Amino acid sequence: MFSDDPREHQRQSYRILRNILDDADVLFWYHFTMFAIPQGKAPQAVVRWEGIEMSHHRKLLDGVYRIHGHNLSFPRDLASGRWTESALNPVTGERVSVPAMALTEDPGYVYTPAGVIPLDKPDADPRIRIEQFLLEDDLVKIEQVRLPPASWPVTFIETSSNWSSRALFEADEMPSLPAGTAGGYVFPWPEWMAMGDAPGHMFATWHGRKLGSTAELPEAFIARAQQKHEALLAVDMGVFDEPLPEVLASRIGQLAAS
């Protein structure tokens, strides 16, 4: 059912995680909770969020895709679940302002059969994505460890489990399968936590699903995004008009053949 061939593995995983069309938007909608992990002290929940991860991929050669995207998330109160702009830092006891998270600094990637190359380190060797398919009753799951851009903090790590209907997966007709997702990630203190030099880090856990388009998002989320971040309800397609770094463009053919 699952193939060891890198190209077939890519096709199978894209049906759950992305889309096998040559040019396609991919949208995930999620909720997540952030926890403070101060060194030597008990972890404590800080704030909930609702957000999206939106990206686009474009096929360059057989098995080679350029991917660019962003995240947009808005904070919600832990107790009530309502939109909020502040939260209690349980470590310091201070109330802190919590801004919307518009993560637009991801430089993008080139995916190849040999692995992934972040565009902020175009001369890097391809890195193999840690992905494992699993069968669980009527579900097909794919576990994944995300490879962050080279410029991101070294303390960042993310892992997820993503799933789709086994019947739809085996039918092998739909280019993009309905999919659920859940996972977690570790990252340094964000500025808004005002932790100074205090040792520790943050952890977040999320759950969500893939949507067909932004039209499927809740009206309340769309309205909030349109107030200040309307541009992030679409992928910046101008990025794909920019040439790849020469050091990477010159070896695309070699990477496609590997």
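## Arg146 and the strands around it

Not counting residues up to four places away in sequence, Arg146 touches Glu53, Asp106, Tyr109, Trp152, Phe156, Ile157 and Glu158. The model in which these contacts are found is a predicted one. Arg146 is found in strand β10, and because its relative accessible area is 15%, under the 20% limit, the residue counts as buried. The C-alpha atom of Arg146 is separated by 7.1 Å from that of Arg129, although the two residues are 17 residues apart along the chain.

**The chain as a whole**

The secondary structure of the protein chain comes to five helices and 13 strands. For 258 residues, a compact globule would have a radius of gyration near 18 Å, and the 19 Å of the protein chain agrees with this. The C-alpha trace spans about 55 × 40 × 40 Å along its principal axes. Of the 258 residues, 47% are buried. Among the contacts with a separation of 6 or more, 62% are between residues 24 or more positions apart.

The accessible surface of the protein chain comes to about 12,900 Å², and carbon and sulfur atoms account for 52% of that area. As for charge, the chain carries 23 positive and 35 negative side chains, and the centres of these two sets lie 3 Å apart.

Strand β10, residues 139-146, runs antiparallel to β11, and eight bridges join the two. One of the residues in this pairing is Leu139, whose bridge partner in β11 is Ser165. Strand β11, which covers residues 157-165, in turn pairs with β12 in the antiparallel sense over seven bridges. Within that pairing, Ser160 has Gly183 of β12 as its bridge partner, while Trp163 is partnered by Gly180 of β12.

Strand β12 also runs antiparallel to β13, residues 200-211, and is joined to that strand by eight bridges. Here Tyr185 stands opposite Ala204 in β13. Strand β12 itself, residues 180-187, is mostly covered, with six of its eight residues buried.

Ala182 has its place in this strand, yet it counts as partly exposed, because its relative accessibility of 26% falls between the limits of 20% and 50%. Leaving out residues up to four places away in sequence, Ala182 touches Ser160, Ser161 and Trp163, and also Trp206 and His207. Asn162 is 20 residues away from Ala182 in sequence, and the C-alpha atoms of the two are 6.5 Å apart in space.

**Two loop residues with positive phi**

Most residues other than glycine have a negative phi. Asp172, in contrast, has a positive phi, near 60°, without being a glycine, and this residue lies in the loop between α2 (166-171) and β12. Asp172 is partly exposed, with a relative accessible area of 41%. Ala194 is likewise not a glycine and has a positive phi of about 50°; its place is the loop between β12 and β13. With a relative accessible area of 54%, Ala194 is exposed, because the value is over 50%.

Glu50 has its place in strand β2, which covers residues 44-61. At 2% relative accessibility, Glu50 counts as buried. Apart from its neighbours within four places in sequence, Glu50 is in contact with Trp29, Tyr30 and His31, with Leu72, Ser73, Phe74 and Arg76, and with Trp83, Pro218 and Phe221. Phe32 is 18 residues away from Glu50 in sequence, while the C-alpha atoms of the two are 6.6 Å apart in space.

**Accessibility side by side**

The residues discussed above are set out here with their relative accessible areas.

| Residue | Relative accessible area | Class |
|---|---|---|
| Glu50 | 2% | buried |
| Arg146 | 15% | buried |
| Asp172 | 41% | partly exposed |
| Ala182 | 26% | partly exposed |
| Ala194 | 54% | exposed |

Definitions and conventions
Residues are numbered from 1 along each chain as its sequence is written. This is a predicted model: local features need pLDDT of at least 70, side-chain atom pairs count only at pLDDT 80 or more; totals for chains, interfaces and linings use all residues. Side-chain values use heavy atoms; hydrogens and water are left out. Helices (H or I, at least four residues) and strands (E, at least two) are DSSP runs, numbered from the N terminus. The radius of gyration is taken over C-alpha atoms; the globule rule is 2.2 Å times the number of residues to the power 0.38. Buried means under 20% relative accessible area, exposed over 50%, partly exposed in between (1.4 Å probe, protein chains only). Contact means heavy atoms within 4.5 Å. Accessible areas come from the Shrake-Rupley method with a 1.4 Å probe; for residues, only the protein chains shown count as cover. Lys and Arg count as positive and Asp and Glu as negative; His and the chain ends are not counted. The place of a charge is taken as NZ of Lys, CZ of Arg, CG of Asp or CD of Glu. Two strands pair if DSSP finds at least two bridges between them.
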